[in-house]
Amino acid sequence: MTAHLSVRDLRKSYGGMPVLSEVGFDIPQGEIAALIGPNGAGKSTLFSILGGALSADGGSVLLDGAAILGLAPEAVAKRGVGRTFQTSAPYRSLSVIENLLTIAAGGAGFWARLARPLAAWPRQPALAALSEVGLAEMADSPARALSYGDAKRLELAMALARGPALLLMDEPTAGMAPSERAAFMDMVRERSRARGMTVLFTEHDMATVFGFATRILVLDRGRLIADDAPEAIRGDALVRRAYLGSAPVPPTKPL
Ligand SMILES: Nc1ncnc2c1ncn2[C@@H]1O[C@H](COP(=O)(O)OP(=O)(O)OP(=O)(O)O)[C@@H](O)[C@H]1O
Ligand SMILES: [Mg+2]
């Protein structure tokens, strides 16, 4: 079977300093994979390259067997790659539903967008996307009134509204309370199952990683030092030394 996402020999340096070295992995369709590693390991850099925002120095990235490395972010998104960012940024001056309507309007082209105010775009698909993340009741609230966790949900709804086959989430639950984290990731898992959507996320909280990832990739100073099932990662001495040594490893029980 072709992997959904296939990365080979990916390399990136900043001013001669290697940030990613020979990174390669395959992620099958529908998997929820976590990319972990210490601060500065290169996780966000890898995401920026996968999403088309940053160029690589070499390597290849295949989505369903088709090369996407080097495409612009918009073209990568059209191929089915959705993203949420380390710092989330819904438009604070718009209402919650208007934030989603910008997605529909954005896909319609410049002239269509110009001719039609946001409020004139169909509400139904936008409401459906908000329902998926439990925000339908907030549809007409100003986005700036959302709690931190709800702003993250809105950002997720905006990514889901584009129907991604692969969702990249950079530290989706950073800054959330533990209970909020679990609820958010439960929802992501639910959405992944319902849509058959592959998820790759970065995360520093080990309870979240071991509670939700079906697979864990470990990056250390730009190199992938492990790529395995959670149970195998837990017992990996190299991973413990590089990373887990500084963080408590949670018990085996899933969240
Ligand atoms: N634009 C840039 N110019 C030069 N160096 C950069 C640039 N962006 C990132 N770096 C460096 O690349 C390395 C990887 O950074 P990156 O943000 O990918 O790490 P990360 O794993 O996402 O870390 P964190 O867990 O803190 O988010 C770091 O050493 C960082 O300082
Ligand atoms: Mg980062």
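Predicted model: local features only at pLDDT ≥ 70, side-chain atom pairs only at ≥ 80, totals over all residues.

User: How many strands form the open sheet, and in what order?
Analyst: Six, running 6-7-8-3-9-10, with mixed pairing.

User: Which strands stand at the edges?
Analyst: Strand 6 (81–84) and strand 10 (223–228). Each has a single partner strand, so one side of each has no neighbour in the sheet. On average, neighbouring strands here are turned by 15 degrees against each other, ignoring direction.

User: And strand 3 with strand 8, parallel or antiparallel?
Analyst: Parallel: four bridges join strand 3 (residues 32–36) to strand 8 (residues 198–202).

User: What's the bridge partner of A33 in strand 8?
Analyst: That's L200.

User: Switching topic: where does S21 sit?
Analyst: S21 is in strand 2, which covers residues 17–27.

User: Buried or exposed?
Analyst: S21 is buried, because its relative accessible area is 12% and the cut-off for buried is under 20%.

User: What is S21 in contact with, leaving aside neighbours within four places in sequence?
Analyst: L10, R11, G222 and R223.

User: OK, helix 1 now. How many of its residues are buried?
Analyst: Six of eight, so helix 1 (residues 43–50) is mostly covered.

User: Which ones are buried?
Analyst: In helix 1 they are K43, T45, L46, F47, I49 and L50.

User: And what about G52, which follows helix 1?
Analyst: G52 has a positive phi, near 90 degrees.

How values were computed
Residues numbered from 1 in each chain as written. Chains lettered and ligands numbered in written order. Heavy atoms only, no water. Helix = DSSP H or I, 4+ residues; strand = E, 2+ residues; numbered from the N terminus. Buried < 20%, exposed > 50% of the residue type's maximum accessible area, 1.4 Å probe, protein only. Contact = heavy atoms within 4.5 Å. Pairing = 2+ DSSP bridges. Axes fitted to C-alpha atoms, helices over the stretch in contact; angles between N-to-C directions.
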